[in-house]
Amino acid sequence: MTAKIEIEPLNACPEMIPVCASWTFGHWDCQAGTTFEETNRLFCDAANETYSLPLTFVAIADASLPA
């Protein structure tokens, strides 16, 4: 069975900001000496921009977003 995957810009699904921030913080930023709050703020700021660089995209399997 093949899952349907949609690619959306982060500003189209802001409920994914904490997920992206958590992954980024857990993999890189925690080693760089930044806080989770700083990482989360960067994603919030990026999501508030309209298609400015750098862009963040999320892949949504079966087009279902978390509730």
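This report describes the nonpolar core, an aromatic pair, a surface patch, salt bridges and selected contacts of a predicted model.

**Nonpolar core**

The largest nonpolar core holds 10 residues in all: Leu 10, Cys 13, Met 16, Ile 17, Cys 20, Ala 21, Phe 43, Ala 47, Val 58 and Ile 60. At least two residues of this core come from each of α1 (17-32), α2 (36-48) and β2 (57-61). Helix α1 provides the largest share, three residues. In soluble globular proteins, nonpolar side chains tend to be buried together.

Ala 47, a member of the core, is in contact with Leu 10, Asn 11 and Ile 17, when neighbours within four places in sequence are left aside. Thr 24 lies in helix α1. With residues up to four places away in sequence not counted, Thr 24 touches Asp 29, Thr 39 and Phe 43; of these, Phe 43 belongs to the core. Thr 24 has a relative accessibility of 19%, and therefore counts as buried, the limit being under 20%.

**Aromatic pair**

The count of aromatic pairs comes to one. Phe 25 and Phe 36 form this pair in an edge-to-face arrangement, with 6.0 Å centre to centre and 85° between the planes. The angle is over 60 degrees, so the pair is classed as edge-to-face. Phe 25 is in helix α1 and Phe 36 in helix α2, 11 residues apart, and the pair links distant parts of the chain.

**Surface patch**

A nonpolar patch on the surface is formed by Ile 5, Ile 7, Leu 53, Leu 55 and Phe 57, which together have about 560 Å² of accessible area. Ile 5 is placed in strand β1 (residues 5-9). The relative accessible area of Ile 5 is 54%, so Ile 5 counts as exposed, the limit being over 50%.

**Salt bridges**

Two salt bridges are found in a search of the whole structure.

| Residues | Distance |
|---|---|
| Lys 4 and Glu 6 | 3.3 Å |
| Asp 45 and Arg 41 | 4.0 Å |

In the salt bridge with Lys 4, Glu 6 is partly exposed at 26% relative accessibility. Asp 45 and Arg 41 are both in helix α2; because they are four residues apart there, about one helical turn separates them. Asp 45 is partly exposed, with a relative accessible area of 40%, and Arg 41 is also partly exposed, at 46% relative accessibility.

**A loop residue**

Where is Ala 12 found? Ala 12 is in the loop between β1 and α1. Its relative accessible area is 48%, and Ala 12 is partly exposed. Ala 12 and Asn 48 are 36 residues apart in sequence, while their C-alpha atoms are 9.8 Å apart in space.

The salt bridge between Asp 45 and Arg 41 lies within α2, and Thr 24, a buried residue, is in α1.

Terms used: Residues are numbered from 1 along each chain as its sequence is written. This is a predicted model: local features need pLDDT of at least 70, side-chain atom pairs count only at pLDDT 80 or more; totals for chains, interfaces and linings use all residues. Side-chain values use heavy atoms; hydrogens and water are left out. A nonpolar core is a set of buried Ala, Val, Leu, Ile, Met, Phe, Trp, Tyr and Cys residues joined through side-chain atoms within 4.5 Å. Buried means under 20% relative accessible area, exposed over 50%, partly exposed in between (1.4 Å probe, protein chains only). Contact means heavy atoms within 4.5 Å. Rings of Phe, Tyr and Trp (its six-membered ring) pair if their centres lie within 6.5 Å; planes under 30 degrees apart count as stacked, over 60 as edge-to-face and the rest as tilted. Patches are made of residues with over 30% relative accessible area and no salt bridge: like charges are joined within 9 Å, nonpolar side chains (Val, Leu, Ile, Met, Phe, Trp, Tyr) within 5 Å. Accessible areas come from the Shrake-Rupley method with a 1.4 Å probe; for residues, only the protein chains shown count as cover. A salt bridge is a side-chain nitrogen of Lys or Arg within 4 Å of a carboxyl oxygen of Asp or Glu.
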